[in-house]
Amino acid sequence: MGDGERYVIGVDFGTLSGRAVLVRAGDGAEIGAATFEYPHGVIDRELNGRELAPDWALQVPSDYVGVLRHAIPELITATGVGAGSIIGIGTDFTACTVLPVTADGTPLCELPEFAGRPHAQVKLWKHHAAQPHADRINELARQRKEPWLNRYGGLISSEWEFAKGLQLLEEDPEIYHRMDRFTEAADWIVEQLTGTHVRNACTAGYKGIYQDGRYPGRDFLKALNPGFEDFADDKLKGPIANLGDRAGTLTSQAAEWTGLNPGIAVATGNVDAHVTAPAAQATGPGQMLAIMGTSTCHVMSAPERVHVPGMCGVVDGGIVAGLYGYEAGQSGVGDIFAWFADRFAPGQSHEELTARAAAQKPGAHGLVALDWQSGNRSVLVDHALSGTIVGMTLATTADDVYRALIEATAFGTRKIVETFNASGAAVTEFVAAGGLLKNEFLMQVYADVLRMPVATVASEQAPALGSAIHAAVAAGAYPDVGAAAAAMGGRGAVTYRPDPAAAGVYDRLYAEYERLHDYFGRDGNDVMHRLNTLRKEVLS
């Protein structure tokens, strides 16, 4: 490596693993990468021999520290870059992923008296067991005409801080009162690096209902539950830092874990989707970025704030300073394909299923599906909804269903794009990132369904690159995220363009998708809710 070159590290904490990337600050060149698989993965069936209720999803915080202790040293050793050349580190996380901690940041699940208590663990983003609590928050907010509700498309998700916090209070009050803070994992990992607790503006705004410098009022929270009155003031306390800010510097302990030098800059935490926008050079107005993996998150910036029904939130500076950042998403995408392959096509790889599905003509399978196996995040914001497939016959094959599921996720994205367009936040460009970019057939389906080109990000580790971009800003290498993105981000060589003939068939299939979408999601046919209730009653 040349003398005088400076490097930064970006760490992307995903659903099943953490990935660290070493990046040259001058031009964004990725020098190397290392991955650490979480030993405990996602805990959604049982915890220490205790069966979990439906819709729970937990994790173990020591797995996150394992990324710092293994992936980063491996990265430094493999690349041969000296620690003295590394000027900063940035991180991003899934969200809303939260955990109860003591005043010094110790997770309650690591205290002997709370070992094995589900509510003491990390609640992963796809923990949906707080849906009844989200329903109560939404109903009360509608009754009271709370002004912040429209900032979130009219509905608060069960995935977010307030719903999960209310569930914690009502189902395990001992844990609730014992915790000093209910903290996003994005902020907790930064605290492990710096020794300082700082809340990032991204998760605070999108997942914590923090708008115009304040949370929902104490009187609102008291009306939900008298014991919840102090939730925002007491359990969400801490300074809020902007994206790209320096949260602190690396402690001696964290330096020992990582092999980095103590005192280097540590960027404020961020969300995996939002941090990816600079890496994809998709921070301008109307540039919608879809981060496609186990789920899909759609983010976009715009100069004005408008009401988009079912969006996950609009936050001033939520992606880059000076613009309103919008978020929407689909709760299940890659998870749906994995579920089908594992349960209904054992022994068949995704590559095999995709190849056979791609050999079909659009519409030949006679199917249309709803992509709600993990509920609906946008635009219905209802995690009690479930998937369905219409049109199956005795001739239907696994390949048919697999293709229909791919198409269903594309239809779900089109519904989000059309909702943004109809609301005055026009989507003028569509850019994709994430692990699903490897599936070229899937990307072509999205272009055909959307009837617009789908550009791609250059990096295979775009969230980690985005974190590295923020690290470069925190370290002072660039004045702001926009300047760093221009130098370090990039687009891929491939842009998928719609095929007019296929797009015509998909228009017809999408019309059927919309009918099913509204019939089960909006028109009062609550069969999915009834089945969900029955399942929970039987399993409880």
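Mentor: Happy to! Let's take strand β16 (residues 296-302), which is joined to strand β18 (residues 324-330) by seven bridges, the two running antiparallel. This is a predicted model, in which local features need pLDDT of at least 70 and side-chain atom pairs count only at pLDDT 80 or more, while totals for chains, interfaces and linings use all residues. Residues are numbered from 1 along each chain as its sequence is written, and side-chain values use heavy atoms, with hydrogens and water left out. Strands (E, at least two residues) and helices (H or I, at least four) are DSSP runs numbered from the N terminus, and two strands pair if DSSP finds at least two bridges between them.

The link from β15 to β16 is a hairpin of three residues. In general, strands of a sheet pair through backbone hydrogen bonds, either parallel or antiparallel.

Now the side chains. T296, H298, M300 and A302 point one way from β16, whereas C297, V299 and S301 point the other way. Seven of the seven residues of β16 are buried, where buried means under 20% relative accessible area, exposed means over 50%, and partly exposed lies in between (1.4 Å probe, protein chains only).

Stepping back, β16 belongs to an open sheet of seven strands with mixed pairing, in the order β17-β18-β16-β15-β21-β22-β23. Its edges are β17 (313-316) and β23 (491-496), each of which pairs on one side only. On average, neighbouring strands here are turned by 25 degrees against each other, direction ignored; axes are lines fitted to C-alpha atoms, for helices over the stretch in contact, and angles run from 0 to 180 degrees between N-to-C directions. Helix α13 (residues 398-422) lies across β15, β16, β18 and β21 (429-433), at about 150 degrees to β18. Contact here means heavy atoms within 4.5 Å.

Let's finish with charged pairs. The whole structure has 32 salt bridges, a salt bridge being a side-chain nitrogen of Lys or Arg within 4 Å of a carboxyl oxygen of Asp or Glu. In one of them, D180 and K237 bring their closest N and O atoms to 3.4 Å. D180 lies in the loop between α4 (173-178) and β10 (181-184), and K237 in the loop between α8 (231-235) and β12 (240-241), so the pair ties together parts that are 57 residues apart in sequence. D180 is partly exposed at 25% relative accessibility, and K237 is partly exposed at 29%. D233 pairs with R218 at 2.7 Å between the closest N and O atoms. Because D233 lies in helix α8 and R218 in helix α7 (residues 218-224), this pair ties together parts that are 15 residues apart in sequence. Salt bridges that share partners also join D180, R181, E191, D234, K235 and K237 into one network.
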